[in-house]
Amino acid sequence: MTEPRRFALVAGETSGDLLAGLLLQGLRQRWPTVQTGGIGGPRMAEQGFSAWWPSEKLAVRGYIEVLRHYREIVGIRDQLRQRLLGADRPDLFVGVDAPDFNLDLEAALKAEGVRTVHFVCPSIWAWRPERVDKIRRSADHVLCIFPFEPELLAQHGIASTYVGHPLANVIPLQPDRAAARQRLGLHEDEPVVAILPGSRTSEVQYLARRFFDAAALMHKVRPGLRFVVPAVPALRERITQLAAASGLSDALTVLDGQSHAALAACDVTLIASGTATLEAALFKRPMVIAYNMNWLSWQIMRRKQLQPWVGLPNILCGDFVVPELLQDAATPEAMARETLAWLDAPERCAQLQQRFTDLHHLLRRDTAQLATDAIEKVLAG
């Protein structure tokens, strides 16, 4: 009998865990006896993945924040590299996003003959274009989630496949708001704001208090507003503490995860820049994107920015279709004002919904099968 396929994966945060979980579904359908291990989270564990380290260990954003955790993160990468080049050598390694961690690991594995795939093209079209050389050295193949990326990579001699965005299949074209509200115990006719201050400790540190202060200002203007706050398990206690300090009491509910239910149920969301903004767009929800981080990290990042937009919905639409409040502009007053403005503009909301519906169709592909097909070709090569 042939040995089962062995794949190693690394997903560094909540969004990567979701993407990798969907990929693992496709891998298990193609190779039912597949063995998988590495770094991951609960969505991957549901697919039989063996997490040697939890994905939260890598969930750090910003130059200064990474420096604080540098020794631990490099230690994990060194241990993982030794394991994958030793007793747990895989047939193929898949680095899911987390390029700062995964590309160096992929390069080391590729140099030793392990086939490597990077899932989610690093955003060289948005910032840090110098990464293209590292991608070429590190990955045998790149799985792209946006349709314009393969042509860009081909210009640099990098093999890739557009597989669509997995979230476009997970999220329905027409979300059921009534069912989501029933699930969360919300009345059908009350205005609901979803507050999503991020899934990383550093994001919650810099954003959560601002977001809750903004919610308090909104509630003062409109006492009938309800707020729902999805929180990843690792951060729920901290978010609950900050929410309690806002004084909103019965008007605000902290949820155990359930970000998709919150986005389906809400009328508008105040949301941290990141993958969650694309989820909000696929749910066709108006949003205000906000972000604040360590001052020095911000100064470094803004100098590398290639486009005028930061939020994924704006980047993909090529326009400021939703407001972005970044760094010093991300004040509670501005966030409250821009969020409430959506509630008073039904025609603007309808136009945005059409833009997001068109985007949804563009991103909707059979991602698991396309990704698995590409991986099978890499293995055959």
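How many salt bridges does a search of the whole structure find? The search finds 15 salt bridges, a salt bridge being a side-chain nitrogen of Lys or Arg within 4 Å of a carboxyl oxygen of Asp or Glu.

## Model and confidence

This is a predicted model, in which local features need pLDDT of at least 70 and side-chain atom pairs count only at pLDDT 80 or more, while totals for chains, interfaces and linings use all residues. Residues are numbered from 1 along each chain as its sequence is written, and side-chain values use heavy atoms, with hydrogens and water left out.

The predictor's confidence in each residue, from 0 to 100, is called pLDDT. Its mean for the protein is 89, and 92% of the residues reach 70 or more. Helices (H or I, at least four residues) and strands (E, at least two) are DSSP runs, numbered from the N terminus. Confidence is lowest in helix H3 (residues 63-68), with a mean of 52, and highest in strand E5 (residues 115-119), at 98.

## Salt bridges

Glu 376 and Arg 30 form a salt bridge, with their closest N and O atoms 2.8 Å apart. This pair links distant parts of the chain: Glu 376 belongs to helix H18 (residues 367-380) and Arg 30 to helix H1 (residues 14-30), 346 residues apart. Glu 376 counts as partly exposed at 35% relative accessibility, and Arg 30 counts as partly exposed at 29%.

Another salt bridge joins the side chains of Lys 134 and Asp 104 (3.1 Å, N to O). Lys 134 is in helix H6 (residues 131-138) and Asp 104 is in helix H5 (residues 99-111), so the pair ties together parts 30 residues apart in sequence. Within helix H6, Arg 136 and Asp 133 are separated by about one helical turn because they are three residues apart. Their side chains meet in a salt bridge at 3.0 Å, N to O. Arg 136 is partly exposed, at 34% relative accessibility, and Asp 133 is partly exposed, at 38%. Salt bridges with shared partners also join Arg 6, Arg 83 and Asp 88 into one network.

## Helix H10

Helix H10 (residues 201-221) has 21 residues and should span 30 Å at 1.5 Å a residue; its end C-alpha atoms are 30 Å apart, which agrees. The expected span is 1.5 Å times one less than the number of residues. H10 bends by about 45° at Leu 207, where the bend is the angle between axes fitted to the seven residues ending there and the seven starting there. Its buried residues include Leu 207, Phe 211, Phe 212 and Met 218.

Just after H13, Lys 284 takes a positive phi of about 65°. Lys 284 sits in the loop between helix H13 (275-282) and strand E12 (287-291). Lys 284 is buried yet has no salt bridge, and the nearest side chain of opposite charge, Asp 358, is 9.8 Å away. Here Lys and Arg count as positive and Asp and Glu as negative; His and the chain ends are not counted. Leaving aside neighbours within four places in sequence, the contacts of Lys 284 (heavy atoms within 4.5 Å) include Pro 172, Phe 356 and His 360.

Methods. Buried < 20%, exposed > 50% of the residue type's maximum accessible area, 1.4 Å probe, protein only.
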